[in-house]
Amino acid sequence: MSQQVDKKFSHVPGKGSWEIPRKTFHYSIAAIDVYPALTVFLCIVLSAELLRFNFEWFNQIYCFVLGPLMRPTEIHSRINDTGCVIVLYWFPLDLAAISIVYLSWTDPTASICGKLWGKYTFQYGGKSLAGSLGAAITGALVTWLYFGPLARYSLSYDPATSPVPLSALSIYGGLVAAFSEGVSNIFYNLDDNLTIPVISVILLWIPLVGLGLGGQ
């Protein structure tokens, strides 16, 4: 029976693969990280996932089409966009958007760095220091670009009026991205598609909005 199931979902890459199509898809998400386009996209994907968990025939079609973008653990479980929907609904748009960019860019970067250099560094809970450093550097760069040269929103942070310099916020953003990516396998083996956007947006919201350090 297990062999039949494996053959049925053979389009899904096995555990430990480089998951090139999945990583490419992750990086490309940032290109549509514009509200309401991103919201519409996530609603479509979420609806499709709800359908596939209720209709096995639809799940087989879904996995046949999108199998290269998936992991074996996602065949019969995990609604992958829950975290993105939560942050878009409950938090300021700018913080929700950058938390999704963290998911889009830091997650695959951490995976690549972990596969290349993880064996040479400290490892914990299926993660590695090399992967976390890759996530931190990427997160810092994303934060600097997002709130600096490529700034499109000014809801929660304005470098001109905030007491927090953009450079300091960028470093903090890198640490936030690395932390949110690194804890997914430690706390109840949660899916990083949930932990990265949710934890990131909370840790950004606390100082910028909760403590009023965002300026404006």
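## Nonpolar surface patch

Helix 4 (residues 56-66) gives the largest share of the nonpolar patch, 4 residues. Helices here are DSSP runs (H or I, at least four residues), numbered from the N terminus. The model is predicted: local features need pLDDT of at least 70, side-chain atom pairs count only at pLDDT 80 or more, and totals for chains, interfaces and linings use all residues. Residues are numbered from 1 along each chain as its sequence is written, and side-chain values use heavy atoms, with hydrogens and water left out.

The patch covers about 650 Å² of surface. Its members are Leu 51, Phe 55, Trp 57, Ile 61, Phe 64 and Val 65. Patch residues have over 30% relative accessible area and no salt bridge, and nonpolar side chains (Val, Leu, Ile, Met, Phe, Trp, Tyr) are joined within 5 Å. A salt bridge puts a side-chain nitrogen of Lys or Arg within 4 Å of a carboxyl oxygen of Asp or Glu. Areas follow the Shrake-Rupley method with a 1.4 Å probe; for residues, only the protein chains shown count as cover.

Phe 55 sits in the loop between helix 3 (37-52) and helix 4. Its relative accessible area is 41%, so Phe 55 is partly exposed (buried is under 20%, exposed over 50%, partly exposed in between).

Two packed helices are described by the angle between their axes and the distance between the axes. Axes are lines fitted to C-alpha atoms, for helices over the stretch in contact; angles run from 0 to 180 degrees between N-to-C directions.

Helix 6 (residues 93-117) packs on helix 7 at about 150°, with the axes 7 Å apart. Helix 6 is therefore roughly antiparallel to helix 7 (under 35 degrees is roughly parallel, over 145 roughly antiparallel, 65 to 115 roughly perpendicular, the rest oblique). The crossing is right-handed: the near helix is turned clockwise from the far one by less than a right angle.

Ile 112 belongs to helix 6. It is partly exposed, at 26% relative accessibility. Ile 112 and Gly 134 are 22 residues apart along the chain, with 8.4 Å between their C-alpha atoms.

## Helix 7 against helix 8

Helix 7 (residues 129-147) also meets helix 8 (residues 166-182): the axes come within 7 Å and cross at roughly 140°. Helix 7 is therefore oblique to helix 8. This crossing is right-handed.

## Leu 208 in helix 9

Leu 208 lies in helix 9 (residues 192-210). Its relative accessibility is 5%, so Leu 208 counts as buried. From Leu 208 to Val 164 the C-alpha distance is 8.9 Å, across 44 residues of sequence.

Key. Patch = residues over 30% accessible without salt bridge, like charges linked within 9 Å, V, L, I, M, F, W, Y side chains within 5 Å. Helix = DSSP H or I, 4+ residues; strand = E, 2+ residues; numbered from the N terminus. Buried < 20%, exposed > 50% of the residue type's maximum accessible area, 1.4 Å probe, protein only.
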